[in-house]
Amino acid sequence: MRRLPAVLALTSAVALVGAGTATAAEPAVPADVPHSPVAFSHGTFAPYVDGATATTYDLELVPSGARAAAFSLSADGVGTTTKLAVKGLVPNRHYGAHVHENPCGPTGDDAGPHYQHVQDPNQPSTDPEYANPDNEVWLDFTTSARGNGFAVSHVDWPYGDRRPASVVIHEHHTSTHPGEAGDAGARLACINVDL
């Protein structure tokens, strides 16, 4: 565990510098093979095509050619740390972002709901008891004058048998108010990550 901070720092640097061209999404890991505690994905946003890592649904707010990288470490004893780095988005703008249950698809809705450690029995979840940054992975960020952004989330629990599959970038920062908790507006873009 002494090497963990160095691994996180190195991965952050790779995420910020190395988010280049899109790569094909890796096939899902068979159920009998244990997941790695570390996940990393990067890609360049473009309209949806089968096998793409990064998809944009709104070319104005997440233009083609913008880039993203996502990193996650999830294990017993350390919980889950997730990092998201983006480049080339609209400058000086608030975005929301969350880990979602399903992979990216032709529409933003294909990613399914936010991944929740304890699932809200009422979906879509807007109850702050379930839709909160301690029960979900929230990665809201504000872009710089150059359109770059970075977010980090840490929760005390690791992923179990249910594994999320993507990070979705949303229209605005995430609400915490009852009746709209967890809402961050339209789904603008999606990154496949084998979490």
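The model is predicted, so local features need pLDDT of at least 70 and side-chain atom pairs count only at pLDDT 80 or more, while totals for chains, interfaces and linings use all residues. Residues are numbered from 1 along each chain as its sequence is written, and side-chain values use heavy atoms, with hydrogens and water left out.

Five strands make up an open sheet, in the order S2-S9-S8-S5-S6, with antiparallel pairing. Strands S2 (54-56) and S6 (141-142) stand at the edges, each with a single partner strand, so one side of each has no neighbour in the sheet. Strands here are DSSP runs (E, at least two residues) numbered from the N terminus, and two of them pair if DSSP finds at least two bridges between them. S2 is joined to strand S9 (residues 187-192) by three bridges; Ala54 has Ile191 as its bridge partner in S9.

His114 lies in the loop between strand S5 (94-100) and S6. At 13% relative accessibility, His114 counts as buried, meaning under 20% relative accessible area with a 1.4 Å probe and protein chains only. The His114 side chain makes a polar contact with that of Glu136 at 2.8 Å (N or O atoms within 3.5 Å, one able to donate a hydrogen and the other to accept it; residues adjacent in sequence count only if both atoms are side-chain atoms).

How values were computed:
Helix = DSSP H or I, 4+ residues; strand = E, 2+ residues; numbered from the N terminus. Buried < 20%, exposed > 50% of the residue type's maximum accessible area, 1.4 Å probe, protein only.
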